[in-house]
Amino acid sequence: MTYVIAEPCIDVKDQACVDVCPVDCIHEAERILVIDPEECIDCGACEPECPVEAIFPEDTLPAKWQAFVRINTAYGAGVDAVDSLVTAYVDGHGTPS
Ligand code: SF4
């Protein structure tokens, strides 16, 4: 289990979570922040800091945002991989309001 950043972060990227993460595993892509599951220690510190409630433990991630498990994990393949998955997601769902 790890923590996942979901749709509400797109085009927000508040960064409050970055400031509290003890292992610096929250990374910035073009339109979203993502948590590298290889680095996350599941401490939960980031979850209450997010002003748009975009951060969830993977096992409570709403079904409509399951695509974000892959989007966060894609960081392992590089920021470009994250960006292309976010573009595909937004194209498929419309631009988040
Ligand atoms: Fe960082 Fe902890 Fe959040 Fe994982 S759960 S991203 S280690 S603050």
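How do the residues of the shell around the ligand divide into nonpolar, polar and charged?

## Basis of the model

This is a predicted model in which local features need pLDDT of at least 70 and side-chain atom pairs count only at pLDDT 80 or more, while totals for chains, interfaces and linings use all residues. Residues are numbered from 1 along each chain as its sequence is written, and side-chain values use heavy atoms, with hydrogens and water left out.

## Ligand shell

The ligand is surrounded by 14 residues (a heavy atom within 4 Å), and the closest are Cys-21, Cys-40, Cys-43, Gly-44 and Cys-46. The shell divides into 12 nonpolar residues, one polar and one charged, where Ala, Val, Leu, Ile, Met, Phe, Trp, Tyr, Cys and Pro count as nonpolar, Asp, Glu, Lys and Arg as charged, and the others, Gly among them, as polar.

## Cysteines

With a disulfide taken as a pair of cysteine sulfur atoms within 2.5 Å, the count comes to zero. Cys-25 is in no disulfide, the nearest cysteine sulfur, that of Cys-21, being 3.6 Å away. Cys-25 is buried (under 20% relative accessible area, with exposed over 50% and partly exposed in between; 1.4 Å probe, protein chains only), at a relative accessible area of 2%, and Cys-40 also counts as buried, at 17%.

Val-82 touches Ala-29, Ile-32, Val-34, Ile-71, Ala-74 and Tyr-75 (heavy atoms within 4.5 Å), not counting residues up to four places away in sequence.
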